[in-house]
Amino acid sequence: MNAAAPLAATGLRKTYGEREVVCGVDFALRPGECFGLLGPNGAGKTTTLRLCLGLTDPDAGSITVLGEPVPRQAREARMRIGVVPQFDNLDPDFTIRENLLIFGRYFDISNAVLRARIPELLDFAGLASRADARIQTLSGGMKRRLTLARALINDPELVFLDEPTTGLDPQARHVIWERLRNLLKQGKTLLLTTHFMEEAERLCSRIAIMDHGKIIAEGEPRALIAQHIEPHVVEVYGEAAPDWADRFGRAHAERCEATGETIFCYTHDPAPLIADLDARGDLRYLHRRASLEDVFLKLTGRELRD
Amino acid sequence: MSARNHWALPQFSLRFAQVWRRNRLVWRKLAIPSMLGNLADPLLYMFGLGYGLGRMLEDVNGMSYIAFLAAGIVCSSTMMSASFEAMYSAFSRMQMQKTWEALLNAPLTLDDVVLGELVWAASKSFLSGSAVLIVAAVLGLVPSPLALAVVPLIFLTGLAFAGLGLIMTALSPSYDFFMYYFTLCVTPMMLLCGVFFPLDQLPAAAQVAAQLLPLTHAVSLARPLVNGTVPPSWLLHIAVLAVYAIVSFYVALALTRRRLLQ
Ligand SMILES: Nc1ncnc2c1ncn2[C@@H]1O[C@H](COP(=O)(O)OP(=O)(O)OP(=O)(O)O)[C@@H](O)[C@H]1O
Ligand SMILES: [Mg+2]
């Protein structure tokens, strides 16, 4: 285990009732990186984060966060961690400013320090003009930004972000990404879970894909794509697409997958596919580079989870 | 490593005070209406029954009925206020607003949170009970300075009922659940524990049962003190209330750990 790792987990296991939801998870963060934890609904991402915060005890395994053994010294670890939970838990009894103030007090931060830090955080979150607004009056994006600002009140070295952009519009999402890049520039380490592959590709230096409680792939996004998937994807749409795949696609692509009337052809050489599709002219298609989403779907399957 | 032992002894830290402070800050925003609301109910009982019923009665245990009633109402309003705060309000913070979840992401433990809620509910009930005592004093129903000893008693009574309320909160699936506690525990205590009439008016079996209930012991202390005498077996009554407070807090904590720290 790397002693300098901001977070190292080995052999983590957690069982709820009869079901093991975390089954032997190992991972370690490097200082200053953004590490992505991806996985379908119910994969065990939030449970893993809860274990790392010491909010529940593992049935097996060990966790070290910022040099503190967790759960034994979880309180000391949490002093130096920021948390953006999956579901907002801002305090509806307070204004935006009060939310930051009260949360800062939970960390025993002095009023003098808080008075200096809160305006900075309000700026960071783009909420300076709404500082005295009540929580109920905020949009989803504003709440998420405030939750992120609140997570930074203790100037943490490590920030846990559980789906920070789920449910946000593209504008709000881009603002959050920009802020997260900002945090990386300041040298903070981020642990991010997300369902947006694009988000992971943009922000994360390394990702782990989790399914059924296990990490099934880990590495840099580009490397994972190169390792697991053909570089070109041709998506073919329409009623006649499955038929086309059977007669032509499957013979000329390394792999074809179907969901309904859409065919995904994975290949190193898209030229013959495109030539044929152009010649027919009756099937709509899209040719693109392989992405992390293709890796994710290949490894975790296309079936619904919940 | 084995799963957490929910019955492990509590580990206290001073951070519980931050939970108390948060709740006080919310309360302060609505302090005046909240205080008036809390006072209205007990005062209605005290004046309604005290003057209405009191006119028909001779002295009760050597005092006017309204003076007799005042000490009981101090205790019952403390019970009501602590129970409401520890159930409806704490449940809102735990289940609806997820305030406790946010606290647990900060360097607080669930032990801090539950202790903070206990002391907060007791503090709030302390205000209610004391307000009734003050009104009674202003009306001249409190003849002795010995009544000052009622002040810490109100807080202890608040702790006992806050602990019981927090047990209900730890078990509750929804707000409706609290109605059972009110119907099956709070209302019977109002009637059986000597708030409205002396215990010795009850059948013998009910008198024995009443001795098991915390409100009985609060009333048994408060009434003589308000009237200027030292209560017989005062140490026993204090001990019963203290045991209720400590044991109920411990049970509430274990049940809340089981609920939230899975
Ligand atoms: N306290 C609990 N008691 C019982 N089962 C639980 C508990 N918490 C989580 N689970 C189960 O464990 C599994 C993993 O849940 P978890 O929340 O970690 O998944 P996730 O990867 O975060 O999913 P999502 O992407 O939907 O947020 C789920 O099947 C969930 O139902
Ligand atoms: Mg989750």
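These legends walk through a few close-up views of a predicted model. Local features need pLDDT of at least 70, side-chain atom pairs count only at pLDDT 80 or more, and totals for chains, interfaces and linings use all residues. Residues are numbered from 1 along each chain as its sequence is written, chains are lettered from A and ligands numbered from 1 in the order written, and side-chain values use heavy atoms, with hydrogens and water left out.

View 1. Thr46(A), through OG1, and Gln86(A), through OE1, sit 1.9 to 2.2 Å from the magnesium ion (ligand 2). Donors here are N, O and S atoms within 2.8 Å of the metal (3.2 Å for Na, K and Ca); water is not among the atoms, so sites may look incomplete. Thr46(A) belongs to helix α1 (residues 45-53) of chain A and Gln86(A) to the loop between β6 (81-84) and α3 (96-106), so the pair ties together parts 40 residues apart in sequence. Helices (H or I, at least four residues) and strands (E, at least two) are DSSP runs, numbered from the N terminus. Thr46(A) is partly exposed at 27% relative accessible area, and Gln86(A) is partly exposed too, at 25%. (Buried means under 20%, exposed over 50%, partly exposed in between, with a 1.4 Å probe and protein chains only.)

**View 2. The largest cavity.** About 70 Å³ of space lies in here. Its lining includes Asn99(A), Phe103(A) and Arg150(A), plus Thr99(B) and Ala102(B) from chain B. Two elements give two or more residues each: α3 of chain A and α4 (99-105) of chain B. The largest share, 4 residues, comes from α3(A). A cavity is a set of points on a 1 Å grid over the protein atoms alone where a 1.4 Å probe fits but cannot get out, and lining residues have an atom within 4 Å of a point.

**View 3. The second largest cavity.** What lines this one? Ile102(A), Arg105(A) and Tyr106(A) do, along with Gln18(B), Arg21(B) and Arg22(B). The elements giving two or more residues are α3 of chain A and α1 (16-29) of chain B.

**View 4. A cis peptide bond in chain A.** Val70(A) and Pro71(A) are joined by a cis peptide bond, with omega at about 10°. Pro71(A) is in the loop between β5 (68-70) and α2 (74-79).

**View 5. Two residues with positive phi.** Leu66(A) isn't a glycine, yet has a positive phi of about 50°; Leu66(A) is buried, at 13% relative accessibility. Glu163(A), also not a glycine, has a positive phi of about 50° and is buried at 6%.

Terms used
1 Å grid on protein atoms, 1.4 Å probe; cavity = no way out; pocket = protein on both sides within 12 Å on 5 of 7 lines; lining within 4 Å. Points joined across faces, edges and corners; volume = space filled by probe spheres on them.
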